Amino acid sequence: MAHPAASSRLLVTGIGELVTNDPQPGREGGALGIVRDAALLAEDGVITWIGPSAEAPDVELAGDAPHPHHVEVLDAGGRAVIPGFVDSHTHLVFGGDRADEFAARMAGRAYEAGGIRSTVAATRAASDDELRARLAGFVAELHRQGTTTFEVKSGYGLSVRDEERLVRLAREVTDEVTFLGAHVVPFEFREPDGPGADAYVDVVVGEMLAACAPHARWVDAFCERGAFFAAQSRRVLEAGAAAGLGVRVHGNQLGEGDGVRLAVELDAASVDHCTYLADEDVAALAGSRTVATLLPGVEFSTRQPYPDARRLIDAGVTVALASDCNPGSSFTSSLPFCIAVAVRDMGMTPAEALWASTAGGAAALRRTDVGTLRPGSRADLVLLDAPSHVHLAYRPGVPLIAETWKDGARVA
Ligand code: NIG
Ligand code: FE
């Protein structure tokens, strides 16, 4: 005999400020759609009701007795609740670290994309279990910092065997896996001793893509001086799209270039970095569905100028914030840190920065089930130890994430 499925309910009451990212008449905060003195009900991991705390449903009476159900009641005590952060850009499967390179940069050395190759060597040397354990540690770290949805890229394997390993391991922890075989040209292909970048791209679009595509949702290419030219990036992205993957691009990180325009032309979900933009890049983004994802952790730890979020937002471009967590250019997994920097140095308001790291990240992943709190969306939410989302930027460096809930269950 079939048993009725056990249901679970989560009721959060006493929310002083509920950020929904679902603006409606009577709500405050523009795009944040803020409800004051709010409550929220989730059933089986999905939000089913949002309203005034005084009108919160009685979850005991709402039960379908005699069917079993598990009820959690959380009193926010007047604190703020926000959607879980959506980190649309990380590189979390790797071996080793590059603390020495960071220290050298802080002593004046410039950042170069070539540092990626030292992480490739450490990653190839690590076993699956070592990479898996490291990844599990990062997932716990993300949850502690309020991130409930995250993308993970490959790109530190750069051989068929190693890239397949990285996307397969990433897929164990997230649905949002990106194949980044076109991160840099690995040393064994580099001229003058190796066969060269085009021969490496042949492998990426052939055997490597075939091995990785079954584990991935996205394809990405690093279209930049020192990595891949536009024509090479295009080959990789078009091959990935033909294999059924969505397109995302690393572009315009170290200087102006073709990355943004290529991304727009290919209807990429997102083009990431966007640090050096010509007016025509901004115009192309404004007329497109492609999100500009800004990664302030990179400029922080490479001492480059921050991207100009204000210029993009004023032009009508959809902007996301993500961590780019990786051992070379940005070894932070903290979106609260990125928000604080974006507000201080990139011309964003606290509201814009919060939206960009929740709903913006969801847009960059073309997801509608996360990044907002409304009936039908996932119960992925963060209780702040603060009365307002503004404190995320106002109190930089202070651990304000009190509790993180994903699919209606507490994860940190
Ligand atoms: O997104 N831009 C290219 N890739 C990474 C850097 C990786 C590294 O330095 O190891 C990034 O910044
Ligand atoms: Fe990156």
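Which residues does UniProt list for "binding site" in this chain? The unreviewed entry gives Tyr-156, Asn-326 and Gly-328. UniProt positions follow the numbering used here, feature names are shortened, and annotations may be inferred rather than shown by experiment. The three span 173 residues in sequence, yet no two of their C-alpha atoms are more than 11.2 Å apart, so they gather at one spot.

Some ground rules. This is a predicted model: local features need pLDDT of at least 70, side-chain atom pairs count only at pLDDT 80 or more, and totals for chains, interfaces and linings use all residues. Residues are numbered from 1 along each chain as its sequence is written, and chains are lettered from A and ligands numbered from 1 in the order in which they are written.

Now Tyr-156. It sits in the loop between strand E7 (147-153) and helix H4 (160-171); helices (H or I, at least four residues) and strands (E, at least two) are DSSP runs, numbered from the N terminus. Tyr-156 is buried, with 31 other C-beta atoms within 10 Å. Buried takes 20 or more such atoms, exposed 12 or fewer, and partly exposed lies in between, with C-beta atoms placed from the backbone. Beyond four places in sequence, the contacts of Tyr-156 include His-91, Phe-94 and Thr-119; contact puts the C-beta atoms, placed from the backbone, within 7 Å.

Next, Gly-328. Its loop runs between strand E13 (319-321) and helix H11 (335-345). Gly-328 is buried too, with 26 C-beta neighbours inside 10 Å. Setting aside neighbours within four places in sequence, Gly-328 has contacts with Arg-98, Glu-101, Gly-115, Ile-116 and Thr-119.

Note on methods
Two residues are in contact if their C-beta atoms, placed from the backbone, lie within 7 Å.
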